[in-house]
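Please look at the sequence and the model shown here, then read on by topic.

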Amino acid sequence: MRKQSQHPIYAEVLSFIRAPHTEKFEALALDVFRFQLENIAAYREYCRRIGADEKKITRIEDIPPISTLAFKYARLEGVEEIAGGKTFLTSGTTIGSDERGTHIVTRPEIYRASAIAHLRRMLFPDAMRVRTLAMHPTAERMPESSLSQMISWCIEEFGVGPCVCVADRRGVDSAAALDFLKAAERKSVPVCILGTTASLGALFIHMEAREVCLKLAKTSRIMDTGGAKGQASPLDADAVCANAAKFLGIDEALVINEYGMTELCSQLYDATAFNSGDDAPPSNRIKLAPPWMRAAAIDPVTLKPVAPGEIGMLRFFDLANVGSVSAILTEDFGIVSNAGDRIRIMGRAGIAELRGCALAIEEFEAAEIGRVK
Amino acid sequence: MSEAAQLTGAVEAAQLRETIARLRQSLVSFPGAMRVADSLGSAFARWRERTLPERRAALARIAASSGWSLGLLDESIDALLAPFTRDALESFASKITTRHRLGGFIMPANVAGAGMHELVVALISGVSAIVKTSNRARGIFHEFAHTLREIDLRVGGMLEVVTFSRERRDLSDLMQRECDFIVALGEDASLASLGGPARIFGFGSRVSGALISLTAPSNLTSLAAAIALDVTLFEQQGCLSPHHIFVEDTGGGSAREFALVLAGALDSLAAVLTTTKLSLHTAASIRRIRERARWREIGGRGVELHEDAAMVWTVVFDPSARFMLSPGHRCVTVTPIRDPADFELKLAPVKGRLEAFALAAARHSRAIYLDVLAGAGVTYVCDPGSMQSPPLMWPHGGGAFLDFVSTHS
């Protein structure tokens, strides 16, 4: 067996990320799948157990996706340890989770290339470098967090001048964030704010309590992620944009929500007038995947794609995951465009809850909407 | 609110007031507990006939709204009705002191006929009852009331069934104001929102399980078939449906073997009692359970997943799980226990939230396990295969309501 680190598949994926050719995606995806099947024992075992026959897998939709839960229980990197690999842990905040998932990224340069290229398209299409405020710990403060790593890379690539991180494991220092933003306002320089939606919510509360509203420079922008997770008073997309306008003077088109997870090396971002010409209201935005990632909405029973326009569980094939497993089944619902690049996120699958003879018929019937069989 | 909607609301409120007044009037001419029991016995005897037009009509409506198969509904309703024998009804009637009160019953719709026990003991006890069901499925109670009126107009006059949605708080409030007590089956949060002067008996979120403790279980197949039936009836949606099966196993692998046999039993039953279409959320929940089990198995955690391709049933053998909740739809966990102390630990997550347990235990250990179950708040212990048929005198939810209506002479 060729050593993983020398395998040409890595170079091919990196090359694709740098210069995507959509027509070559499926062939490369199938090569990546076969490479992963050969090198990852747990994935091979999974495919064996579900009766997936490699010889019959000729289209991307045939590639068996693994649940994000797999990262909790099995090693999903290749057979060879790669020096310089990075280990990321899931947050462990998912309801019902009992262990943290581990994603060992054996080739961080591919992860970085993916993250930076899509950030450039979605958050920095104007090619600006800006002062950056990190409201989530950066990589040196939380090395096991994939979000931290991404923020650090973002600062390296797109930051300029004073860039500040106001968060650590204990929380976010909203006062320090406000000081940074006030300084930027005084100098009329644009800023980029990176953080979780919860950290932004905390900042807005902090500013409201002090009756402070800023007018940041025109091209200031925000990337938030995580949605309602961890928020005492959850902010929806409309509220994030409204608060960004009210407290920071940032245009809603420059408030861009990220969808990402530790188990995926690529991310999706809101399509807005700033980065794509889309101008849907915040609560109705679609997210754009990079060209090296393809999404599908699938039927949880058959694991096959649902009919066009129907809601299904989101499955991704991410070439940037070449060092682990690329076909990932998430626990999120969504609607996906035929090309697999435009995704409307529709929430998350729940877990069983204690109940008895409980549902009213209205709920019962509502639950039947969007039947999958 | 539109003018039309306001008008409709006023009419419905007026109708509800009239219905309540009529029921109040019926209290003064209570025909006696034994006659009520006799009439109910006749009504249930008719309802045990699967061809009864009222039963067919009710089940057809439920099938249309829920997607459940008629075969599954018939089996489920048979199990529900089994305890309502003439003997049981008359025995109860002979022992109680009647009290004439007006009771409001707010019934759920996910489990057809749930609340029947409370309604029946109340009627025999001298209660006139107004039953509220949900908007879109008139369900069993409307049709049952019709049968009762056909058999005995006076007894039938003690029961009225109304339908309105939970959004009509005005109508709910009216019921709560006018009734002497309210029986409500629903989620804990919904029950917590009930108020008003009437005494409220809430039957909230509860789950059930099963325990097999046999020194050398030679009848695993029949036990599995019985438990598979308990799991399958009502599509595992009610408080009496088992979520987790525990098997006393000191290392011989009988729990693991039982999971496999149970899987076979569920598969066999699925061919007879066909299932419904799953909602996206339910299917996703089951997918999550399956994938978690599959990957724990691959990861060497000793878990075994048994499943069918169509997601009709799922059995997870988990060697170390504490009580796991199921999304329903024939999805269960099987776990070995070492002894009663271990069992008690594994019940801890749902202590006080348990309703029923099927128990197959050797004589020497049965009493000990019954103590554990009582300590965990279980109100109904039965043989496997009987979980959906608790007796008339089942102390549902702890027995407060039964005590309230059945003051014995």
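In which order do the five strands of the open sheet with parallel pairing in chain B lie? The order is S3-S2-S1-S4-S5. This is a predicted model, in which local features need pLDDT of at least 70 and side-chain atom pairs count only at pLDDT 80 or more, whereas totals for chains, interfaces and linings use all residues. Residues are numbered from 1 along each chain as its sequence is written, and chains are lettered from A and ligands numbered from 1 in the order in which they are written.

**Five-stranded sheet of chain B**

- Helices (H or I, at least four residues) and strands (E, at least two) are DSSP runs, numbered from the N terminus, and two strands pair if DSSP finds at least two bridges between them.
- Strand S1 (residues 101-106) and strand S4 (residues 181-185) of chain B run parallel and are joined by four bridges; Gly103(B) stands opposite Phe181(B) in S4(B).
- Helix H6 (residues 116-124) of chain B packs on the sheet and touches S1, strand S2 (127-133), S3 and S4 of chain B. The direction of H6 makes about 155° with that of S2(B); axes are lines fitted to C-alpha atoms, for helices over the stretch in contact, and angles run from 0 to 180 degrees between N-to-C directions.
- Helix H7 (residues 139-151) of chain B also packs on this sheet, where it touches S2 and S3 of chain B, and its direction makes about 150° with that of S3(B).

**Seven-stranded sheet of chain B**

- Seven strands of chain B form an open sheet of mixed pairing, in the order S8-S9-S10-S7-S6-S11-S12.
- Its edge strands are strand S8 (304-307) and strand S12 (380-382) of chain B, and the twist averages 20° from one strand to the next.
- Three bridges join strand S11 (residues 354-361) of chain B to S12(B), and the two run parallel; Phe357(B) stands opposite Val381(B) in S12(B).
- H11(B) packs on the sheet, touching strand S6 (207-213), strand S7 (242-248), strand S10 (331-337) and S11 of chain B.
- Helix H15 (residues 363-375) of chain B packs on the sheet as well, touching S6, S11 and S12 of chain B, with a direction at about 170° to that of S11(B).

**Helix pair of chain B**

- The axes of helix H11 (residues 220-232) and helix H12 (residues 254-272) of chain B come within 8 Å and cross at roughly 55°.
- That angle makes H11(B) oblique to H12(B); angles under 35 degrees count as roughly parallel, over 145 as roughly antiparallel, 65 to 115 as roughly perpendicular and the rest as oblique.

**Domains of chain A**

- An automatic or database domain assignment gives domain 1 (4-106 + 294-328) and domain 2 (110-288) of chain A.
- The C-alpha centres of domain 1 and domain 2 of chain A lie 28 Å apart.
- In chain A, 22 residues of domain 1 are in contact with 17 residues of domain 2, contact meaning that the C-beta atoms, placed from the backbone, lie within 7 Å.
- H1(A) gives the most to the side of domain 1 of chain A that touches domain 2 of chain A, with five residues.

Technical notes: Two residues are in contact if their C-beta atoms, placed from the backbone, lie within 7 Å.
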